[in-house]
Amino acid sequence: MCGIIGYVGDEDAVGLIVEGLKKLEYRGYDSAGLAVFTGGGFEVVKRKGRLSVLESEIAAHPLRGRVAIGHTRWATHGEPSDINSHPHLGSRSRIAVVHNGIIENHKALRERLQSRGIEFASQTDSEVIAQLAEYYYNGDIMDTVIKVAARLEGSYALGIMCRDDPDTLIAIKKDNPLIIGVSPHGSFLASDVPAVLKHTDTVYYPEDMEIAVLRRDGVRFYNSDKEPVRKEPKTITWSVDSAEKGGWPHFMLKEIMEQPKVLRDTIRSAVSGENKDVIDGIDIANVKKIVITACGSAYNAGIVAKYVFEKLCRTPVEVDLASEFRYRDANIGPSALVILISQSGETADTIAAMREAKAKGATTLAIVNVVGSAIAKESDMCVYTAAGPEIAVATTKAFSAQLALLYALAIRFAVKLGALSPAGAEELQAELWALPDKITSVLAQVDTIQRYAASCVGYKSVFYIGRNIDYAIALEGSLKLKEISYVHSEAYAGGELKHGPISLIEDETLVVAISNCERLYGKIMSNIEQVISRGAKVMLIGRNPDAESGDKLTHIALPDTAELFSPSLSVIVLQLFSYYVAANKGLDIDKPRNLAKSVTVE
Ligand code: F6R
């Protein structure tokens with residue numbers, strides 16, 4: 001859950017490393033550091049705290065060089081501190097390493113090295129990599145890296161510099177993301193494309209255990225027998241602007257506002273673009289059960305999808321948290337289709353769930369945003385959401401893109417299964433294509449939602465309720481609020497209120513109710529009456545015509561759409577509401593405390 005970057009070239013490496021780290025901060029932000037060649041050896045500067053702390057340090061003590069590596073950290077082993085920050089050096093300061101991942105056998109390696117007199121400076125698992133490299137170093141850095149990698153258990157993406165070879169960077173990965181970018185002025189390694197996008201749209205995706213040797217004039221790849229490997233570069237289609245804030249106060253707000261375009265691009269890709277062939281190739285007729293597994297918001301997208309798939313396709317659907325699925329010995333086999341949903345494509349639990357599903361013989365289909373990510377590569381089939389780079393830690397546009405792709409999949413499956421007539425499918429397709437404009441009209445209510453959110457800043461606890469598919473999206477609303485505003489919130493199915501949670505409703509509790517399911521309008525209204533009569537204030541989101549704003553009830557109305565697609569409209573209000581509650585509290589919305597965007601550890 002850290003970000004790594006490296007540069008070798010003609011330009012100011014320190015400036016480029018800091019610029020790249022800014023784009024990777026979403027991966028971790030409790031400390032940051034860099035190492036640069038300055039002629040005689042490395043200069044290392046690393047600081048606990050946000051990247052801005054490192055920047056101030058560099059501004060006070062400028063560093064110059066053309067070759068450097070950098071790191072932004074989300075602590076796993078060892079508290080956030082200057083000393084535990086990366087890069088880590090070997091005991092003779094000949095080798096510097098930045099690491100993203102976890103070294104599972106770090107304790108055994110550390111003990112072995114310590115028994116040979118090597119002293120460690122930090123408490124991190126990552127330092128063993130630098131110490132091991134220094135220990136094995138025989139004058140050939142590639143040999144050394146191969147030897148070290150063979151002894152590491154766990155996951156890693158590494159950027160390595162060696163004092164004896166000051167014009168070269170080495171990179172290697174296993175189960176963690178790494179891209180190599182080539183530009184006219186030099187070569188980059190990085191955890192993710194946005195870090196290099198300003199300088200190049202030409203990147204390579206190394207396979208596990210391939211070694212990349214980066215020099216000013218290009219990159220060469222080798223296998224672990226030191227044989228050259230031929231690789232084709234990929235051209236990134238994301239625009240440079242897509243990874244910039246572009247005048248918005250936060251990436252989160254920018255990304256919320258981008259959703260109409262993201263939906264259009266995602267639907268187009270599913271209906272007539274790159275995803276269409278993959279979707280058409282799925283043998284849904286022989287699928288007896290669909291299992292959807294994911295984490296966090298992606299899991300919530302899966303819950304929405306359960307309602308959609310079961311209604312349209314009549315195929316049984318199970319939704320499971322990836323962290324549970326991986327250990328529960330699920331009763332699945334070759335007749336199951338396991339759908340993995342992941343923005344990053346690198347969530348550790350979702351990767352493990354995918355491997356578990358494959359081991360049981362199921363077919364795996366991934367819905368992923370990041371091209372070339374582990375899940376995209378390893379799943380049997382993959383369809384991509386067209387959300388572009390999502391920088392804010394709290395997902396918004398990628399979630400909406402997941403929903404759109406799931407709707408498109410469900411329509412296609414239902415037609416293939418004969419559960420939906422061509423006319424019915426056409427009608428739903430038209431509704432799908434109408435969603436982006438309807439989202440635009442919900443976004444136009446931003447001022448009303450902002451004002452309402454400002455009046456809600458004092459609440460200590462918020463309850464989200466909904467029934468049927470409105471319950472599914474209530475889960476996402478609740479997650480969004482708690483993660484960025486630090487307000488405690490819970491989501492319940494409306495019918496469950498009386499079975500416990502209603503005892504928590506008292507004066508000045510806030511309840512967010514969602515109501516788009518016509519045959520349940522009356523039921524949710526009676527839930528609302530029950531909570532109002534116990535002192536709660538209610539925000540009702542939806543097209544329920546029975547709702548009338550008053551003292552205790554504020555109704556945010558939504559445009560009409562197919563009931564099954566209504567989560568895509570409700571979620572816009574839920575996102576804006578959470579955003580403005582957090583903004584009114586003056587919080588660091590794009591980087592909420594304790595969270596990181598890519599959860600590459602269990
Ligand atoms: C919430 C959020 C997280 C992610 C979860 C899965 O706003 O962003 O809950 O949805 O960590 O991440 P991915 O989709 O990358 O697998």
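The structure is a predicted model, in which local features need pLDDT of at least 70, side-chain atom pairs count only at pLDDT 80 or more, and totals for chains, interfaces and linings use all residues. Residues are numbered from 1 along each chain as its sequence is written, and side-chain values use heavy atoms, with hydrogens and water left out. Helices (H or I, at least four residues) and strands (E, at least two) are DSSP runs numbered from the N terminus.

In a regular strand, side chains alternate between the two faces of the sheet. From β4, Val67, Ile69, His71 and Arg73 point one way, while Ala68, Gly70 and Thr72 point the other way, and all are buried. Pairing of two strands requires that DSSP find at least two bridges between them. Strand β1 (residues 3-9) pairs with β4 in the antiparallel sense over six bridges, and Gly6 has Ile69 of β4 as its bridge partner. Strand β2 (residues 31-37) also runs antiparallel to β4, joined by six bridges; in this pairing, Ser31 stands opposite Arg73.

Two helix pairs were examined. Helix α1 (residues 13-24) packs against helix α2 (residues 51-60) at an angle of about 165°, with the axes 11 Å apart. Axes are lines fitted to C-alpha atoms, for helices over the stretch in contact, and angles run from 0 to 180 degrees between N-to-C directions. The angle makes α1 roughly antiparallel to α2; angles under 35 degrees count as roughly parallel, over 145 as roughly antiparallel, 65 to 115 as roughly perpendicular and the rest as oblique. The crossing of α1 and α2 is left-handed, a term applied if the near helix is turned anticlockwise from the far one by less than a right angle, with right-handed used if clockwise. Contact is defined by heavy atoms within 4.5 Å. Val14, Val18, Leu21 and Lys22 of α1 meet Leu51, Leu54, Glu55 and Ile58 of α2. By class, this contact has six nonpolar, no polar and two charged residues, where Ala, Val, Leu, Ile, Met, Phe, Trp, Tyr, Cys and Pro count as nonpolar, Asp, Glu, Lys and Arg as charged, and the others, Gly among them, as polar.

For helix α3 (residues 106-115) and helix α4 (residues 127-136), the packing angle is about 45° and the axes lie 10 Å apart. That makes α3 oblique to α4, and the crossing of α3 and α4 is left-handed. His106, Leu109, Arg110 and Leu113 of α3 meet Val128, Gln131, Leu132 and Tyr135 of α4. Five nonpolar, two polar and one charged residues make up the contact of α3 with α4.

Two bridges join β5 to strand β6 (residues 95-103), and the two run antiparallel; His88 stands opposite Val97 in β6.

Strand β21 (residues 461-466) runs parallel to β22, joined by six bridges, with Gly466 opposite Ala493.

Two individual residues complete the description. Cys313, in helix α9 (residues 296-313), counts as buried at 5% relative accessibility. Gln343 is placed in the loop between β18 (336-342) and α11 (348-359) and counts as buried at 14% relative accessibility. Leaving aside neighbours within four places in sequence, Gln343 is in contact with Val368, Asn369, Val370, Glu390, Ala398, Gln402 and Lys597.

Technical notes: Buried < 20%, exposed > 50% of the residue type's maximum accessible area, 1.4 Å probe, protein only.
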